Amino acid sequence: QVELVESGGGAVQSGGSLRLSCKVSDSTNKMFFRAWFRQAPGKEREGVAAIGDNGSTKYDESVKGRFTISQDSATNKKFLYLQMNSLQPEDTAMYYCATDRSGVGWDYFPGLRGFGHWGQGTQVTVSS
């Protein structure tokens, strides 16, 4: 059984920062990749950043240099983080963490394929 719970969202002004957290509970511990996605109103869900079991990372072009994905190795990767700096109004969205237990998610990221477990989301609102 897999459970993901996000936190850390909120409202900030343009140029501000937020740090999202995701508590990951997986009784099997069979997760190849973990990622953050976001979905703005009226738009499709899109990948933001992904991290592999070995710490390799991938970012969508729109957030490169501003967002940093990380995981807490001290707790056996049971926490996933997204540090978001220089936030802009276009970053406003519901942010979701997700895990891939199929092993194919890395190749399709920032697409959704392979990411079969999702949290309930945390809202990020950036005002100009």
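1. The model under review is predicted. The note begins with Ala35, a residue of strand 4 (residues 33–39). Ala35 counts as buried because its relative accessible area is 0%, and the cut-off for a buried residue is under 20%.

2. Leaving aside neighbours within four places in sequence, Ala35 is in contact with Ala49, Ala50, Ile69, Leu80, Tyr96, Cys97, Ala98, Phe109 and Phe115. By contrast, 27 Å separates the C-alpha atom of Ala35 from that of Ser128, a residue 93 places away along the chain.

3. Strand 7 (residues 67–71) has two faces: Phe67, Ile69 and Gln71 form the covered one, while Thr68 and Ser70 form the uncovered one. Strand 7 pairs with strand 8 (residues 79–84) in the antiparallel sense, over five bridges. Within this pairing, Gln71 has Leu80 of strand 8 as its bridge partner.

4. The largest nonpolar core has 24 residues, of which Trp36, Val48, Phe67, Leu82, Met84 and Tyr95 touch the most other members. At least two residues of this core come from each of strands 1, 3, 5, 7, 8, 9 and 11. Strand 3 gives the largest share, four residues. Apart from this core lies another, of eight residues, including Phe37, Ala98, Trp106 and Phe115.

5. Which residues does Tyr95 touch, not counting those up to four places away in sequence? They are Glu6, Leu20, Phe37, Arg38, Val48, Phe67, Leu82, Met84, Gly121, Thr122 and Val124.

6. As general background, nonpolar side chains in soluble globular proteins tend to be buried together.

Technical notes: Residues are numbered from 1 along each chain as its sequence is written. This is a predicted model: local features need pLDDT of at least 70, side-chain atom pairs count only at pLDDT 80 or more; totals for chains, interfaces and linings use all residues. Side-chain values use heavy atoms; hydrogens and water are left out. Buried means under 20% relative accessible area, exposed over 50%, partly exposed in between (1.4 Å probe, protein chains only). Two strands pair if DSSP finds at least two bridges between them. Contact means heavy atoms within 4.5 Å. A nonpolar core is a set of buried Ala, Val, Leu, Ile, Met, Phe, Trp, Tyr and Cys residues joined through side-chain atoms within 4.5 Å.
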